[in-house]
Amino acid sequence: MTGFSQSPRLLKGGVVQLDPDTGQVLRVISLQYNPDALSRSLQPQAFSEGGDRSEPLRLKGPAIETIKLDAEIDAADQLEFPDQNANTTQYGIQPQLAVLETLVHPSTAQLQNQDELASSGRLEIAPIEAPLTLFIWGRSRILPVQVTEFSINEEAFDPALNPIRAKVGLGLRVLSVADLGFEHRGGGLFMTALGAKEQLASKALGSLAAFGLSGIP
């Protein structure tokens, strides 16, 4: 046997963090198991919101899209071969949980720098800038996002109380050119994803005949 398989390669979903200026990949977080479901909601940005009904067909910008998913992390496979997975034997799934938690924490170096600036008497200190976070779900969905919700439900532990099974809930808000601008690297990625969506939409055009109509009166 050659080991060749006709089965398609299973792509992983996950998150990548980039330096927004250089585009350097800082961190790659692939989900151990792809979630069975992905919940998305889109809030249209109508120009007439707020009571102005004079131009109801105009849009102020891209819809605000939010994504929610639940991911499972399980150490069972790794613990079956402890000699090959020393980190899992020692820490359980804490490294996988920790790397996800870095999505919502500034680094210790950034916090120390802020404290030093404050201690030196700086009157104005800019908020800490996070890396550009991308949610990747297939080749046509590479979206700049902001993490808005994060929850961890640890469900099983080893004798040292290391978690060995957990469910992680993520809530993401897609950042558009309205948030980042057209010149920002994330804004360009949003436009690419929106263009891919428009190309897909062109493949699903229907006919008035489906409604029993030959034209609009």
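This is a predicted model: local features need pLDDT of at least 70, side-chain atom pairs count only at pLDDT 80 or more; totals for chains, interfaces and linings use all residues.
Residues are numbered from 1 along each chain as its sequence is written, and side-chain values use heavy atoms, with hydrogens and water left out.

Let me begin with the whole chain. Its secondary structure comes to 6 helices and 7 strands, where helices (H or I, at least four residues) and strands (E, at least two) are DSSP runs, numbered from the N terminus. If you read along the sequence, the pattern is β-β-β-β-α-α-α-α-β-β-β-α-α. The radius of gyration, taken over C-alpha atoms, is compared here with a globule rule of 2.2 Å times the number of residues to the power 0.38. For this chain the radius of gyration is 23 Å, well over the 17 Å that the rule gives for 217 residues, so the chain is more spread out than a compact globule. Along its principal axes, the C-alpha trace spans about 75 × 70 × 35 Å. Of the 217 residues, 24% count as buried, and here buried means under 20% relative accessible area, exposed means over 50%, and partly exposed lies in between (1.4 Å probe, protein chains only).

Now to strand 1. Two strands are said to pair if DSSP finds at least two bridges between them. Strand 1, residues 14–18, pairs with strand 2, residues 25–30, in the antiparallel sense over 5 bridges; in this pairing Val16 stands opposite Val28, and the bridge partner of Leu18 is Val25. Strand 1 also pairs in the antiparallel sense with strand 5, residues 132–136, over 5 bridges, and there Val15 stands opposite Phe135.

Is strand 1 enclosed or exposed? Of its 5 residues, 5 are buried, so strand 1 is largely enclosed by the rest of the structure. In a regular strand, the side chains alternate between the two faces of the sheet. In strand 1 both faces are covered, with Gly14, Val16 and Leu18 buried on one side and Val15 and Gln17 buried on the other.

The hairpin of strand 1 and strand 2 has 6 residues between the strands, and in it Gly23 takes a positive phi near 80°. Pro20 also has its place in the loop between these two strands, and at 16% relative accessibility Pro20 counts as buried. Which residues does Pro20 contact, leaving aside its neighbours within four places in sequence? With contact meaning heavy atoms within 4.5 Å, they are Glu129, Pro131, Leu132, His184 and Arg185.

Leu161 has a positive phi of about 70° although it is not a glycine, and with a relative accessible area of 65% Leu161 is exposed.
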